[in-house]
Amino acid sequence: MKHLLLLSLLFLLPGMTIDAVIKPSILPRPGKDFALFFAVKDYGNWKPLSGPIQDAKAIATELKTHYGFATEIVENPSLDQIYTKLEEYQRKAYAADAQLLIFFSGHGAFLENSREGFFIPKEGNLREKDPRFNSALPHARLSSYVENIPCQHILLAIDACYSGTFSREVAFRGNDERPDAPDPEAELQAKIKTYLEPKTRLFLTSGGKERTPDPSDFAARFLQGLQSNRRNGKRLLTVSQLYTNHLEEATPKPKYGAFADNGYESNFLFVYTPPQPTP
C-alpha cells in the first residue's frame, strides 16, 4: 500500500494536491440501496390519474442521481405483474445493511364490512362489478409479500386513497432524529451502521381511511424532502425526519408506522452523496 501511495505521488496531475491522493473519495453505498415503484396512471375501469408515473420518475431520478439507489419503475402494472415483480425481489440477494424502498402510487379502495384496504392495479374493476375487489391487491397480502423479501431494511410507501388502512393501528412513533455529527466519513459510516442494526419494516401512507388528491401532495413533499436535504448539504436523512419535517404537513395528513416483525428503534436512511470536485 505504501509503494502504491508513493507511486501515485510521483504522477500527480497538474493542479492535483497531495490531499486529493491521500483523502479517500466519498462514495455512495454501491449495490446496497434499491427503490421499486409501481405507478398506475392509465386505468381500464377507473378514472385515469395525472400524477403517479411522473411522480415515480421524479423521485426515482432524485434517489438514483443523488442518493445512490438502484431504481426500477413498473408503469401501469396488472395485478399479476405486481405479484411477479415482488416475487422477483423475493429471489434477490441483499447485503446485511441493504435497504429497499417499495413505492405504490395509484387508486385505492376500502371495504368497510371486512375492514380491508386495497391497491387498484391497471385492470382492477369498480366495486359495482367486483364487490369484493378480487381484481385488486389487498393490503394484507401486500404486507405478506413484502415481509418475505429477504432484505433487512424495507420501507413501504403507498400513495393512494384509503392507504392508511394498510395498518389497523397506525402508530407514528415520533421523531427519532439525532444531532448531526461532524462531516468526517468515518463518523458518517458509524452512524449508518448504528441506525441499520435493527430489522426494518416501516410504512408511509398518503392518508388514513380517506380519499387523497391527484396530483399527490404526498409525492410532492416526499421529493421536496429529498431535495431539501441535499441542498442543505446534509449527508443523512432518516425516514422519521422525512416524515416530521416534510410529509406531516401534507393534506391529508400521511401516516407512519411499523408492520410485521419490525425491530425496536428501526430506521430507513437516505444517504446523500455530494458531487466530487474536479481535480
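Which residues of strand β4 are buried on one side, and which on the other? Let's start there. In β4, residues 108–111, Gly108 and Phe110 are buried on one side, and Ala109 and Leu111 are buried on the other. Both faces of the strand are covered, then. If you're wondering about the every-other-residue pattern, side chains in a regular strand alternate between the two faces of the sheet.

Before I go further, please keep in mind that this is a predicted model. The chain has 279 residues, and 48% of them are buried. It has eight helices and eleven strands. One more number for the whole chain: take the contacts between residues at least 6 apart in sequence, and 78% of those join residues at least 24 apart.

Okay, back to β4 and its neighbours. The strand belongs to an open sheet of three strands, in the order β4-β5-β6, and the pairing is antiparallel. β4 and β6 are the edge strands, each pairing on one side only. Let's walk across. Between β4 and β5 there are four bridges, in the antiparallel sense. Then Phe119 takes us to the next strand, where its bridge partner in β6 is Leu137. β5 and β6 pair over two bridges, also antiparallel.

Now have a look at the turn. β4 and β5 form a hairpin with four residues between the strands, and Arg115 in that hairpin takes a positive phi near 55°.

Phe133 isn't a glycine, yet its phi is positive, about 55°. You'll find Phe133 in the loop between β5 (116–119) and β6 (137–138). Is Phe133 buried or exposed? Its relative accessibility is 4%, so Phe133 counts as buried.

Glu265 is another residue other than glycine with a positive phi, this one near 60°. Its place is the loop between β10 and β11 (269–271). With 43% relative accessibility, Glu265 counts as partly exposed.

Next, the cis peptide bonds. Where can you look for them? One joins Asp214 to Pro215, with omega near 5°. Pro215 is in the loop between β8 (200–205) and α7 (217–231). Another cis bond joins Thr251 and Pro252, and omega there is about -5°. Pro252 sits in the loop between α8 (239–245) and β10 (255–258).

I mentioned α7, so let's stay with the helices. Two packed helices are described by the angle between their axes and the distance between the axes. What is the crossing angle of α3 and α7? Roughly 20°, and the axes of α3, residues 52–67, and α7 come within 10 Å. Angles under 35 degrees count as roughly parallel, so α3 is roughly parallel to α7. The crossing of α3 and α7 is left-handed.

If you want to find that contact on screen, here's who is involved. From α3 we have Asp55, Ala58, Ile59, Glu62, Leu63, His66 and Tyr67, and they meet Ala219, Phe222, Leu223, Leu226, Gln227, Asn229 and Arg230 of α7. By class, the residues in this contact of α3 with α7 are eight nonpolar, three polar and three charged.

The axes of α4 and helix α5, residues 139–147, cross at roughly 25° and come within 9 Å. That makes α4 roughly parallel to α5. On the α4 side, the contact is made by Tyr83, Leu86, Glu87 and Gln90, and on the α5 side by Arg141, Leu142 and Tyr145. The contact of α4 with α5 has four nonpolar, one polar and two charged residues.

Is Lys85 buried or exposed? Its relative accessible area is 14%, and the cut-off for buried is under 20%, so Lys85 is buried. Which residues does Lys85 touch, leaving out those up to four places away in sequence? Those are Leu36, Phe38, Glu72 and Val74.

Key. Residues are numbered from 1 along each chain as its sequence is written. This is a predicted model: local features need pLDDT of at least 70, side-chain atom pairs count only at pLDDT 80 or more; totals for chains, interfaces and linings use all residues. Side-chain values use heavy atoms; hydrogens and water are left out. Buried means under 20% relative accessible area, exposed over 50%, partly exposed in between (1.4 Å probe, protein chains only). Two strands pair if DSSP finds at least two bridges between them. Axes are lines fitted to C-alpha atoms, for helices over the stretch in contact, and angles run from 0 to 180 degrees between N-to-C directions. Angles under 35 degrees count as roughly parallel, over 145 as roughly antiparallel, 65 to 115 as roughly perpendicular and the rest as oblique. A crossing is left-handed if the near helix is turned anticlockwise from the far one by less than a right angle, and right-handed if clockwise. Contact means heavy atoms within 4.5 Å. Ala, Val, Leu, Ile, Met, Phe, Trp, Tyr, Cys and Pro count as nonpolar, Asp, Glu, Lys and Arg as charged, and the others, Gly among them, as polar.
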